[in-house]
Amino acid sequence: MTVQNRATLDDVARLAGVSSKTVSRVFTSRELVAPETVERVLAAAKRLRFRPNTLARSLRRGGATNTFGFIMGELGNPFYYKVAAGIEKELAAHGFALVVATTDDTAEGEERVADALLAQRVGALLLIPVADDQSYLEGERHLGTPVIAIDRPARNLVADSIVIENHRGVYDATMRLLARGHRRIGYVCNPASVYTQAERLRGYRDALAVYGVHDSARWERLVDDLSIRPDGIVADLLASDDAPTALITGNNRVTVGALRVLRDRHDDGRTALVGFDDFDTADVLGVTVISYDPVELGRRAAMLALERGGDPSGFTRQIELPTWIVERGTGERPPREENA
């Protein structure tokens with residue numbers, strides 16, 4: 001196949017029989033050009049498959065593009081692409097495009113990816129923070145680029161953020177298990193040091209404290225190594241002395257790992273399970289979950305970015321979206337001593 005050279009603005013001008021300045025004006029200030037001339041230029045551009053270089057034009061003006069950047073973690077996690085879908089839908093409704101980059105949930109990749117996107121003069125940067133420090137974005141924020149933190153607040157950076165009710169979600173789930181008679185309730189998460197898990201763990205501990213349970217460390221498995229399979233973490237907990245009669249898992253990866261362990265142990269419904277994050281087959285498997293709307297999370301993040309673009313110096317905000325319990329069976333089981 002022979003690759004053709006892209007048509008230039010001058011090529012369109014020659015075919016349309018107008019000046020290059022007129023072609024440029026059609027793509028930047030169309031209302032200043034006669035309708036018949038606009039029609040002729042657009043027809044020539046279509047015939048030549050010409051597309052204006054909006055990035056180059058923006059850079060010449062020293063401004064930003066109509067493209068927003070979104071930095072997320074690994075592509076295999078449904079949470080991330082549902083958030084991206086919400087962002088894209090809201091931006092498209094306002095005439096903006098979205099470019100997505102991934103860090104594979106590694107802190108070292110975050111700044112590198114952010115620099116690459118900002119070099120493209122994105123109109124705003126939305127990110128799910130992974131690194132411990134986002135102060136490297138402070139200079140860009142002062143230049144007027146909106147920075148929106150999603151799911152976790154940014155650290156060492158004044159930025160808008162949108163999160164979910166992590167504490168309340170796990171608090172409510174734990175209280176339900178306690179009300180059903182469970183006192184040995186396990187909590188498993190990996191990673192454990194991120195903001196979301198710190199808040200969820202706090203909700204778990206606060207609920208236990210209401211019922212006078214203050215020594216939960218023996219039922220907690222807090223891991224910060226994604227190379228460790230969640231199956232092994234859950235299996236270790238359930239094989240321990242004084243094993244829990246109920247489990248709360250901190251994310252969908254750990255929930256799926258817990259389901260595998262319960263199957264392999266032939267648990268037969270003796271151990272209650274509540275997972276944070278809904279997932280596609282949770283309803284089929286009858287898994288009780290702490291749910292929320294990740295698409296709405298993305299949509300509201302995009303709204304924050306658009307609003308911040310119109311008011312760069314306004315007060316920053318942190319918005320919390322609600323969570324709710326979806327009861328499907330696994331989280332409603334009584335302690336195993338009662339149904340043995």
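View 1. Three bridges hold together strand β1 (residues 67-72) and strand β3 (residues 125-127), and the two run parallel. Strands count as paired if DSSP finds at least two bridges between them. The elements are DSSP runs numbered from the N terminus: helices are H or I over at least four residues, strands are E over at least two. Helix α6 (residues 107-119) lies across β1, β2 and β3, at about 170° to β1. Angles run from 0 to 180 degrees between N-to-C directions, with axes as lines fitted to C-alpha atoms, for helices over the stretch in contact.

**View 2. The open sheet around β1.** Six strands line up as β2-β1-β3-β4-β5-β11, with parallel pairing. β2 (97-102) and β11 (318-321) are at the edges with a single partner strand each, so one side of each has no neighbour in the sheet. On average, neighbouring strands here are turned by 20° against each other, direction ignored.

View 3. Strand β8 (residues 246-249) pairs with strand β9 (residues 272-276) in the parallel sense over four bridges, and A246 has A272 in β9 as its bridge partner.

**View 4. Helix α2 against helix α3.** α2 (residues 20-28) and α3 (residues 35-48) pack at about 95°, with axes 10 Å apart. That makes the two roughly perpendicular, a label for angles of 65 to 115 degrees (under 35 is roughly parallel, over 145 roughly antiparallel, the rest oblique). T22, V23, V26 and F27 of α2 meet T37, V38, V41, L42 and A45 of α3. The contact residues split into seven nonpolar, two polar and no charged. Ala, Val, Leu, Ile, Met, Phe, Trp, Tyr, Cys and Pro count as nonpolar, Asp, Glu, Lys and Arg as charged, and the others, including Gly, as polar.

**Notes.** Residues are numbered from 1 along each chain as its sequence is written, and side-chain values use heavy atoms, leaving out hydrogens and water. For this predicted model, local features need pLDDT of at least 70 and side-chain atom pairs count only at pLDDT 80 or more, while totals for chains, interfaces and linings use all residues.

Key:
Contact = heavy atoms within 4.5 Å.
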